[in-house]
Amino acid sequence: MALQSGSPGPQSIEARPSAWGGLTVLLDTPTKRGVALVVILAVMIAAPQVFGAYATVILTNALLYAILALGLNIVVGYAGLLDLGYAAFFAVGAYSVGILTTTFGWNFWATIPVAVLAAMCAGIIIGGPTLRLRSDYLAIVTLGFGEIVRIAARNLDITGKASGISGIEQPWLFGWHIARPVDFYYVFLVLTIIAILVSVRLSGSRLGRAWLYVRHDEDAAEAMGIDRVRVKLAAYIIGAIYGSIGGAFFAVNLTAISPQSFSFQQSTLFLMAVILGGMGKIPGVILGAFVVVLGPELLRDLGSFRYLVFAVGLLLIMLFRPSGIWPVGSRR
Amino acid sequence: MALLDLKGVTLGFAGNTVLSDVNFAVAEGVIASLIGPNGAGKTSLFNCITGFYKPQRGAIRFDGAETLTLKPWQVTRTGIARTFQNVRLFRQMSVLENVMSGQHCRSRAGAIAAVLRLPSQRAEEKRIRDAAAQCLRFVGIDPEEWDRDATTLAYGHQRRVEIARALATEPKLLLLDEPAAGLTKGEKAELVTLIARIRDQRKIAVLLIEHDTSLVMSISERVSVLDHGVMIAEGSPKEIQANPRVIEAYLGSEDAEAALAL
């Protein structure tokens with residue numbers, strides 16, 4: 001499979017000492033890692049006050065991407081399944097919330113279980129038959145699924161056709177009206193922390209190991225009594241849940257959603273965050289998500305050249321760090 | 001009754017017959033070998049037993065139940081474990097994690113239990129770890145090596161980790177596909193002791209495919225000979241060594257060296 005990480009080629013490149021060698025020393029003990037986490041958390045909590053309103057909106061978007069990248073990382077990074085239509089699950093979550101809150105007047109919090117269930121069903125419908133196949137058929141099927149969801153959303157009355165759904169009410173939480181950008185920033189920060197925690201716990205579990213076994217060698221994994229279809233389906237469904245929860249909060253944050261938010265380009269951006277940061281590495285994919293969102297923003301001064309510069313930057317990263325920005329030694 | 005019993009197993013790929021009408025049995029607690037010239041269909045027979053290949057005809061019974069229709073992972077759960085001809089450890093995973101994979105089919109915690117870190121899940125994780133550690137000790141891999149990337153171990157040690165991984169599935173029958181290939185003389189001697197210990201201490205029947213004829217003859221109680229997909233002889237090592245058909249099969253093949261060893 002194309003996504004099996006650590007082919008002999010890239011590994012020999014990684015073996016060379018690099019500038020990262022010095023940086024990994026900063027994180028080589030649990031204490032140092034703990035300190036680093038506390039510092040990062042403090043910076044993230046203070047960020048809206050320090051960087052201002054505009055940056056808060058951008059950082060919220062980066063956190064959304066981090067959640068989605070963490071979800072896609074379970075599918076792509078852990079289980080080694082190439083999903084080119086991840087935005088579909090994002091759309092399922094967003095539209096579930098959009099439709100249920102506007103057309104049916106549901107409370108936002110009540111729609112979340114429905115959004116999750118809808119994404120799980122979609123995951124089972126798409127994944128159930130295709131995950132039995134070997135190799136990259138899944139990539140094609142997910143690509144098609146992504147397009148089907150987007151085109152369906154653009155043509156169905158219930159999804160508001162091309163103009164989408166607007167006027168989605170922003171939620172209340174115990175008397176706190178989550179409405180200002182800064183409110184959503186903190187909501188997404190909490191969601192990201194939960195997403196990280198879930199990923200960490202899964203990766204160190206029986207299921208998490210099974211994903212790696214299946215990714216590295218399907219036959220050997222099966223010879224060890226692992227049902228590869230079941231294990232892959234679990235990854236696919238968990239990825240779908242991450243996507244739909246991200247989509248649900250995306251919908252109430254923007255209050256309006258439309259089909260172009262769920263394009264193939266979105267799926268590729270999520271995938272880019274995962275691959276860029278380093279598949280299967282939690283800090284890596286979060287970093288990847290921030291690079292994907294903040295990169296073009298930081299290059300804003302370059303005007304219309306910024307995407308060109310950004311693209312060249314991405315190419316260089318992939319050339320020199322083919323297994324992602326995050327150091328290889330730290331698998332998780 | 002035999003632990004493993006194959007009747008009339010016939011396998012073909014695109015018109016080529018790989019196995020034809022193979023009858024074969026392995027008794028409980030025995031050390032048996034499957035030998036034969038290159039391309040005789042030995043590994044194919046292993047793949048039929050473990051569910052990787054589906055024979056067109058025949059019946060395979062293991063421990064009293066039909067296993068022919070089972071998928072490989074289901075076969076493993078019934079109690080057949082295997083190793084591969086070319087070592088297939090999971091890359092970029094530690095030795096211990098590799099062996100823990102064997103316990104997957106003997107444990108059950110799912111995603112929710114893992115996310116919530118339920119007490120049952122933590123207890124099970126400890127059980128998995130302990131079982132894997134015990135298998136590693138059994139095959140003689142020292143704890144210093146447990147956290148190393150499995151594929152960085154010396155080749156002979158990788159072979160032993162693979163056996164530990166198979167043992168971790170708690171099998172009744174262990175299939176070893178050329179376990180001595182690439183081992184030094186000393187390592188082969190250790191392998192012979194290990195195989196004997198697997199049978200004697202763990203009460204696991206062992207079936208091995210092996211080209212090293214002297215190794216086969218020294219540890220096997222039963223030897224079966226496969227040639228061009230046909231089981232041509234079956235018996236004790238002595239009987240096999242005296243069987244003219246076996247010598248003929250070997251002399252007609254590239255394995256003349258093995259024939260001399262007979």
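Predicted model: local features only at pLDDT ≥ 70, side-chain atom pairs only at ≥ 80, totals over all residues.
**Stop 1: a loop residue**

Select Ile165(A). It sits in the loop between α7 (137-155) and β1 (172-173) of chain A. Is Ile165(A) buried or exposed? Ile165(A) is buried, because 23 other C-beta atoms lie within 10 Å and the cut-off for buried is 20 or more.

Now show what Ile165(A) touches. Leaving aside residues up to four places away in sequence, the list is Gly98(A), Ile99(A), Thr102(A), Thr159(A), Gly160(A), Ala256(A) and Ile257(A). Then pick Pro259(A). From Ile165(A) it is 94 residues away in sequence, yet 9.4 Å away in space, C-alpha to C-alpha.

**Stop 2: two packed helices**

Select residues 87-102 of chain A, helix α5, and residues 108-130 of chain A, helix α6. They pack at an angle of about 140 degrees, and their axes are 8 Å apart. The two helices are therefore oblique to each other. α5(A) passes α6(A) in a right-handed crossing.

Colour the contact. From α5(A), take Phe89(A), Val92(A), Gly93(A), Ser96(A), Val97(A), Leu100(A) and Thr101(A). From α6(A), take Phe108(A), Thr111(A), Val114(A), Ala115(A), Ala118(A), Ala119(A) and Ala122(A). Of these contact residues, 10 are nonpolar, 4 are polar and none is charged.

**Stop 3: where chain A meets chain B**

Show both chains. Here 25 residues of chain A are in contact with 29 residues of chain B. On the chain A side, α8 (181-203), α9 (206-216), α10 (218-223) and α11 (228-254) each give two or more residues. Which element gives the most? Select α9(A): it gives 7 residues, the most on this side. By type, the chain A side divides into 13 nonpolar, 4 polar and 8 charged residues.

Key
Residues numbered from 1 in each chain as written. Chains lettered and ligands numbered in written order. Helix = DSSP H or I, 4+ residues; strand = E, 2+ residues; numbered from the N terminus. Buried ≥ 20, exposed ≤ 12 C-beta atoms within 10 Å, placed from the backbone. Contact = placed C-beta atoms within 7 Å. Axes fitted to C-alpha atoms, helices over the stretch in contact; angles between N-to-C directions. Parallel < 35°, antiparallel > 145°, perpendicular 65-115°, else oblique. Left-handed = near helix turned anticlockwise from the far one by under 90°. Nonpolar A, V, L, I, M, F, W, Y, C, P; charged D, E, K, R; others polar.
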